[in-house]
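Me: I'm new to this one and would like a quick tour. Can you show it to me?
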Amino acid sequence: MVLDCAVIGGGPAGLNASLVLGRSKRKTVLFDDNKPRNAVVAEAHGFITRDGINPQELKRIGQEELKAYPNVSIVKQRVAAINKVDDQFQIEAEDGSVFFSKKVILATGFKEILPDIEGVERYYGTSLFSCPFCDGWELKDRPLAVISENPKAVHMAKVVYNWTEDLIVCTNGKKSLSEIEKTLLESKGIKTFEQEIQSLIGETGQLQKIEFKDGTAVLVEGGFITPEWVPATNFGASLGCKLNALGGIEVDSMGRTNIEGVFACGDALITGASQLIIAAAEGSKAAIGVNAAFIEENFMSPVSALSD
Ligand SMILES: Cc1cc2nc3c(=O)[nH]c(=O)nc-3n(C[C@H](O)[C@H](O)[C@H](O)COP(=O)(O)OP(=O)(O)OC[C@H]3O[C@@H](n4cnc5c(N)ncnc54)[C@H](O)[C@@H]3O)c2cc1C
């Protein structure tokens with residue numbers, strides 16, 4: 001059987017795409033190996049009706065809702081390869097099974113590369129975060145650190161300052177701040193620490209202290225980091241999709257890429273707007289894009305034939 005659409009990735013983007021495809025009577029398979037980057041958090045915020053939900057619970061509810069649509073199935077496996085063969089896509093799952101589909105939606109998210117600092121994994125997702133809009137409220141008005149080795153440091157400090165003015169910036173030995181930036185930060189009472197970090201100290205996920213290699217230390221109660229973002233898979237590139245500077249897949253307002261039949265949504269676009277509700281909305285848009293393509297092909301085909 002040839003599927004109408006294969007959705008690769010079952011986070012909020014892929015789940016919502018599958019829901020809209022299911023409701024549009026499309027034969028759909030959603031592939032997911034359940035390794036989202038938000039697996040480190042117990043609570044996700046900012047999704048109306050779901051504020052504070054555990055991300056895995058959100059996924060469970062999403063999968064449960066898809067059961068109402070017998071034309072949608074979920075394959076809990078990693079997709080190893082996608083190849084375009086004529087006007088179809090051949091999707092190879094990790095166990096070797098092969099599926100054919102007329103359209104593909106890439107909803108694979110992105111991966112984060114955390115700074116190479118001793119202890120960072122112990123606190124990431126509990127008291128160290130990367131998105132103030134997601135987790136700023138929980139850390140508001142506390143002594144916080146922005147730990148950033150890259151040029152995003154000042155921008156992150158500017159944003160986090162909205163939630164707390166008791167803020168420091170640590171560059172972990174990188175001379176990434178200009179004199180003007182340091183003066184700007186100082187004018188807001190934000191101290192900068194450019195020495196290398198020895199380790200992050202705390203208990204049960206709660207960051208308490210940053211120790212520097214020069215023997216000094218500073219007390220904090222949490223903070224924000226600026227991880228590097230990279231695509232979670234190379235499917236966008238291998239299918240020939242146009243990518244942005246970060247490797248995110250470029251799409252139009254209906255989730256269409258430059259490659260016929262390939263759509264993309266959610267964090268896989270790597271636009272910087274990284275939120276559950278945005279990913280879900282983009283999933284919906286991509287599914288509408290897929291439907292629009294089918295409607296055009298099916299409904300208009302006699303007219304196209306006449307005009308040929
Ligand atoms: C620490 C942290 C905290 C966050 N907190 C919040 C918050 O509070 N509120 C908020 O709105 N957002 C939050 N986010 C952001 C949010 O998690 C993402 O924006 C959102 O999950 C993106 O959804 P997505 O579906 O595009 O990608 P993801 O949720 O990353 O899902 C992608 C899915 O695709 C799967 N996949 C990838 N490759 C393959 C493959 N080859 N085959 C099969 N499956 C594959 C992955 O395993 C994963 O399950 C947070 C992120 C992080 C890292």
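This is a predicted model: local features need pLDDT of at least 70, side-chain atom pairs count only at pLDDT 80 or more; totals for chains, interfaces and linings use all residues.

Me: Okay, ligand first. Which residues come nearest to the ligand?
Reply: Those would be Asp32, Asp33, Lys35, His45 and Leu276, out of 37 residues around the ligand.

Me: Which helices supply at least two residues of the shell?
Reply: Each of α1 (12-23), α4 (132-135) and α8 (276-307) does that.

Me: And which domains does the shell draw on?
Reply: Domain 1 (2-112 + 228-307) and domain 2 (115-225) each give at least three residues to the shell around the ligand.

Me: Let's get down to atoms. What lies 3.0 Å from an oxygen atom of the ligand?
Reply: That's a backbone N or O atom of alanine 13. Asparagine 38 uses its side chain instead, with an N or O atom 2.9 Å from a ligand oxygen. For glutamine 275, a backbone N or O atom is 3.2 Å from an oxygen atom of the ligand.

Me: How much of the ligand does the protein cover?
Reply: The protein covers 98% of the ligand's accessible area, taking the 1000 Å² that the ligand has on its own.

Me: Switching topic: how many cavities of 30 Å³ or more are there in the whole structure?
Reply: The search finds one. The largest cavity holds about 30 Å³ of space.

Me: What lines the largest cavity?
Reply: Its lining is Phe110, Trp229, Gly266, Asp267, Ile270, Thr271, Gly272, Ala273 and Ser274. By class, that lining splits into four nonpolar, four polar and one charged.

Me: Which of them has the largest share?
Reply: α2 does, with five residues of the lining.

Me: And which residues lie nearest the centre of that pocket?
Reply: Asn16, Phe47, Leu58, Gly62 and Glu65, from a lining of 14 residues. The lining of the second largest pocket has nine nonpolar, three polar and two charged residues.

Notes: Residues are numbered from 1 along each chain as its sequence is written. Side-chain values use heavy atoms; hydrogens and water are left out. A residue is near a molecule or strand if one of its heavy atoms lies within 4 Å of it. A polar contact is a pair of N or O atoms within 3.5 Å; within protein, one must be able to donate a hydrogen and the other to accept it, and residues adjacent in sequence count only if both atoms are side-chain atoms. Accessible areas come from the Shrake-Rupley method with a 1.4 Å probe; for residues, only the protein chains shown count as cover. Helices (H or I, at least four residues) and strands (E, at least two) are DSSP runs, numbered from the N terminus. Domain bounds come from an automatic or database domain assignment. On a 1 Å grid over the protein atoms alone, a cavity is a set of points where a 1.4 Å probe fits but cannot get out, and a pocket is an open set with protein on both sides within 12 Å along at least five of seven lines; lining residues have an atom within 4 Å of a point. Grid points are joined across faces, edges and corners, and a volume is the space filled by probe spheres set on the points. Ala, Val, Leu, Ile, Met, Phe, Trp, Tyr, Cys and Pro count as nonpolar, Asp, Glu, Lys and Arg as charged, and the others, Gly among them, as polar.
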